[in-house]
Amino acid sequence: KQTPLIGYVARYDLLKDHLNLLKALSLTKLKGKIFFCILVGTNINKNQILLDQIKKLKIKNHIKLLGPIKNVSKIMNSLDIHIQSSKSEGFPNVIAEAMAHKTLCVATNVGDTSYIMGKNGWLVKPKSSTSLARAIEIAINEIGTKNWNKRRNLARKRIQTKFSINKMINS
């Protein structure tokens, strides 16, 4: 079985709560889950705060910090799970983008996240690395099952139905 690829596409900003994600990944690793995570966005690579936390949490072999990437579609298509660990959001476009690529999301329940996701992912309370870790574990355990593929298709269908260009224009 292939190592699950997890990603977070977001610029570095305290509201994006990357440190909460890193703590959650550390807890996930301690539970014996195997994964690899990439963080993509402005001010991510060479970010000393993130690098220090990664070293402290001993997750260096499970994570890669990438800078901004022009082709986000390529990233989304390669991920098994997209994570959004924000403390605050308005309308997180990245959730809709991930779902449009059939990438399931584990996300904090902030802004319009629950409206975008519907029942097609895992919502957790913000600022709780234990809740985030638990949802990541559940998602990892489901990868490759019949339910996983069904969820992926439903996620894409939700975006096509609720957030198509025509739907947005008509609204």
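Predicted model: local features only at pLDDT ≥ 70, side-chain atom pairs only at ≥ 80, totals over all residues.
Q: OK, how do α1 and α2 cross?
A: The axes of α1 and helix α2 (residues 48-56) come within 10 Å and cross at roughly 15°, where axes are lines fitted to C-alpha atoms over the stretch in contact and angles run from 0 to 180 degrees between N-to-C directions. That makes α1 roughly parallel to α2, a label for angles under 35 degrees. Helices here are DSSP runs of H or I with at least four residues, and strands are runs of E with at least two, numbered from the N terminus.

Q: And which residues meet there?
A: From α1, H18, L19, L22 and K23 meet I49, L50, Q53 and I54 of α2, contact being heavy atoms within 4.5 Å.

Q: Where is L27, and is it buried or partly exposed?
A: L27 is found in helix α1, which covers residues 18-30, and at 29% relative accessibility L27 counts as partly exposed; buried means under 20% relative accessible area, exposed over 50% and partly exposed in between, with a 1.4 Å probe and protein chains only.

Q: What does L27 touch, beyond its neighbours in sequence?
A: Leaving aside neighbours within four places in sequence, L27 is in contact with S129, T130 and A133.

Q: Switching topic, how many aromatic pairs are there?
A: A search of the whole structure finds 3 aromatic pairs, where rings of Phe, Tyr and Trp (its six-membered ring) pair if their centres lie within 6.5 Å, and planes under 30 degrees apart count as stacked, over 60 as edge-to-face and the rest as tilted. In one of them, the ring centres of F91 and F163 are 5.7 Å apart with planes at 70°, so the pair is edge-to-face.

Q: How exposed are F91 and F163?
A: F91 is partly exposed at a relative accessible area of 31%, whereas F163 is buried at 13%.

Q: Which residues do the ring pairs link into a cluster?
A: Ring pairs link F91, Y115 and F163 into a cluster.

Definitions and conventions:
Residues numbered from 1 in each chain as written. Heavy atoms only, no water. Parallel < 35°, antiparallel > 145°, perpendicular 65-115°, else oblique.
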